[in-house]
Amino acid sequence: MDAKAEVLSRYNAKVFKNRKDHILRVDRDAGCAQEIAANTRALPGIMTNRGCCYAGCKGVVVGPIRDAVTITHGPIGCGFYTWGTRRNKARAGEDGKNFIQYCFSTDMQEPDIVFGGDKKLRRAIREAVEIFQPKTVFICSTCPVGLIGDDIHAVAAEAEKEFGITCTAFSCEGYKGVSQSAGHHIANNGLMKRIIGSNDTPPAAKFAVNLLGEYNIGGDGWEVERILKRVGYEIVSVFTGDGNIEGISRSHLSDLNLVQCHRSINYVAEMMKSAYGMDWLKVNFVGLDAICSSLRGMAEYFNDDALKRRTEEVIADELAAVAEDTAFLKSRLEGKTAALFVGGSRSHHYQALLQEFGVRTVLAGYEFAHRDDYEGRSVIPDIKEDADGKNIEHLDVEKDPARYRVFLSPERYAELKQRIDLEEYRGMIRDMPDGSYVVDDLNHFETEAFTALLKPDIFFSGIKDKYVLQKGGTLSRQLHSYDYSGPYAGFRGAVLFGRDLVMGLYAPARRMVVPPWKKQAAGAQAKGDLPHA
């Protein structure tokens, strides 16, 4: 059965032409030579699961910074959308500052659209400073602001002078770019221009790292930090889950950047390499083998015998602590199949953990990926920039002569490039099973159609399609917010993840909802039974 052909056959000619290049069946013989279309605008009328540019900037990257007041300049619905739907956990630091539980918005109304909202924004900043006394204020604009032309950067500059604090504006109107990916880029640029490199307090430990692309959903970041500190690393800054301005401001003094979510933060990693000479390593702290590989890669980078011994000791101790649980969970999950449609790198990372439990992936895709997220960074020179990409500022970062340093010799760098993922991401396709399907920007119709054809036991997704899937008889677990569970990262997180799957699959309530294909005789699932596009 060719599920791609079955799904595409339900489209008219125009939609077929657009979607055919966004879907592929993995062919191991072709390897990463398989090309997929990505980072293009969704067709009007398609029920896409994507978010907007503003959601990527405020909701993903700058929103989780705990001690910055981030004001949404726009309607209140935009502010709530990027605040109440993600579980970015944070603890107040020594200064007691933790603002992410608040939803700051100018709550623009119709008169503000007609007469301008800059005065309202000034009042909002003044009120936030008087009540919360933050050291930093961020302003994130939404669609109406870009349309009416409020100069949020001028307002930010005025606020800096008036209150003596850092005030940064992000022109991240929702309609910019293709998806929330554009907002990631804008947020990265703002942090690089305004925050990174503004504090030269050096790290205290011998091995100092930054954790990039970790948003502390369900406490993931805390579990990763626990493991890294056990080994002996100092985490100078986390970008940006439970992150803080001081850590980000001095992150340029770390020895190595660890990139977890490639799509959302690779811009910062590349710019810090250009400005400060800091190398970056692609890591994955989801899945036991992936964690071990990442920790060993880090130890290999620093090339310290004591650090390597400590790494192996921690790995052995952590694996022993979860061995019994993971063996039991595998006995309950082995032979199941899964589909994943999530943002960031989660659709890739979680396949490794599922495989360890004996769960085979039959379909995976991203909401807002670029081709390099699927095929690997080697294709970046071949990606053609379109008009949407040109809407996003590209910073030309120059070497900082006073703070640029090279950690590795050219010979050592070339040697490590052959052994670890040093400044390399090889993409999701290379790790997917032969015959499985990759779908970029999976829409609502395709979600139902592929589910009916591939019949996964579990579908990992977000809130927009979770309940449709479950009402159709397929267990769905959120990998955007973990359904109020987590952490799923780290050794302990792997056990919690497996337990949640077992509870979901074997809950008595599952027997009360039967998938449509189990109500039909074998072979009765015909092409005409697919949902209509």
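Mentor: Let us begin with a term: a salt bridge is a side-chain nitrogen of Lys or Arg within 4 Å of a carboxyl oxygen of Asp or Glu. Please keep in mind that this is a predicted model.

Trainee: What makes Glu-160 and Arg-194 a salt bridge?

Mentor: The closest N and O atoms of Glu-160 and Arg-194 are 1.9 Å apart, and because the limit is 4 Å, the pair counts as a salt bridge. Glu-160 lies in helix H8 and Arg-194 in helix H9 (residues 180-194), so the pair ties together parts that are 34 residues apart in sequence.

Trainee: Why is Arg-66 called buried?

Mentor: Its relative accessible area is 13%, and buried means under 20%, so Arg-66 is buried. Asp-242 is likewise buried, with a value of 13%, and Arg-66 forms a salt bridge with Asp-242, their closest N and O atoms being 3.1 Å apart.

Trainee: What makes H13 roughly antiparallel to H14?

Mentor: Helix H13 (residues 288-302) and helix H14 (residues 305-333) pack at an angle of about 175°, and because angles over 145 degrees count as roughly antiparallel, H13 is described that way relative to H14. The residues of this contact divide into 9 nonpolar, 2 polar and 4 charged.

Terms used. Residues are numbered from 1 along each chain as its sequence is written. This is a predicted model: local features need pLDDT of at least 70, side-chain atom pairs count only at pLDDT 80 or more; totals for chains, interfaces and linings use all residues. Side-chain values use heavy atoms; hydrogens and water are left out. Axes are lines fitted to C-alpha atoms, for helices over the stretch in contact, and angles run from 0 to 180 degrees between N-to-C directions. Helices (H or I, at least four residues) and strands (E, at least two) are DSSP runs, numbered from the N terminus. Angles under 35 degrees count as roughly parallel, over 145 as roughly antiparallel, 65 to 115 as roughly perpendicular and the rest as oblique. Ala, Val, Leu, Ile, Met, Phe, Trp, Tyr, Cys and Pro count as nonpolar, Asp, Glu, Lys and Arg as charged, and the others, Gly among them, as polar. Buried means under 20% relative accessible area, exposed over 50%, partly exposed in between (1.4 Å probe, protein chains only).
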